[in-house]
Amino acid sequence: MASRDKRRALEHTLQQLRDVTNSTALNKASIIVDASKYIEELKQKVEGLNSELGITESSSTSQIDELPMVIVKTLKKGFLINVLLEKNSPGMLVSVLEAFEELGLDLLDARVSCEDSFQLEAVGRESHKNDSVDAQVVKQAVLRAIKNED
């Protein structure tokens, strides 16, 4: 009874694999070979798309080399601000928050890690009295705050 259930489960899994890979093979080995070829095709497509976008496998390490990294994205009503520094220094968070205050940004939400490196993800909204702030201004203010703290 248990072996029959295992066989049915295996057959079901192989059928799902055939469906996903558009395989017409009937035996297990051929289905697995087709799946392997399908995976290789997907890998090549991903590599092709990455090369079109200029992304390389070493991009994660190259980003670390380009620290400090400050990315500011404009939202409907405010900004998403990401900051990554290789090392933390005392007062770094205070400096960045003071930069937000000087720009008239109200901090709506934030996640911070200050253990070894400094990482900040924050959502800020322009106060009603100041509508002239854009993403580039926010980025420059954060970079200045980081340099002043170094």
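Helices (H or I, at least four residues) and strands (E, at least two) are DSSP runs, numbered from the N terminus. On that basis the order of elements along the sequence is α-α-α-β-β-α-β-β-α, with 5 helices and 4 strands. The model is predicted: local features need pLDDT of at least 70, side-chain atom pairs count only at pLDDT 80 or more, and totals for chains, interfaces and linings use all residues. Residues are numbered from 1 along each chain as its sequence is written, and side-chain values use heavy atoms, leaving out hydrogens and water.

Of the 150 residues, 25% count as buried. Buried means under 20% relative accessible area, exposed over 50%, and partly exposed in between (1.4 Å probe, protein chains only).

Two strands pair if DSSP finds at least two bridges between them. Strands E3 and E4 run antiparallel and are joined by 8 bridges. A hairpin of 4 residues connects E3 to E4. Asp 109 has Val 123 in E4 as its bridge partner.

| Strand | Residues |
|---|---|
| E3 | 105-113 |
| E4 | 118-126 |

A surface patch of positive charge consists of Arg 4, Arg 7, Arg 8 and Lys 28. Helix H1 (residues 2-21) gives the largest share of the positive patch, 3 residues. Arg 7 lies in helix H1 and is partly exposed, at a relative accessible area of 47%.

Key: Patches are made of residues with over 30% relative accessible area and no salt bridge: like charges are joined within 9 Å, nonpolar side chains (Val, Leu, Ile, Met, Phe, Trp, Tyr) within 5 Å. Accessible areas come from the Shrake-Rupley method with a 1.4 Å probe; for residues, only the protein chains shown count as cover. A salt bridge is a side-chain nitrogen of Lys or Arg within 4 Å of a carboxyl oxygen of Asp or Glu. Lys and Arg count as positive and Asp and Glu as negative; His and the chain ends are not counted. The place of a charge is taken as NZ of Lys, CZ of Arg, CG of Asp or CD of Glu.
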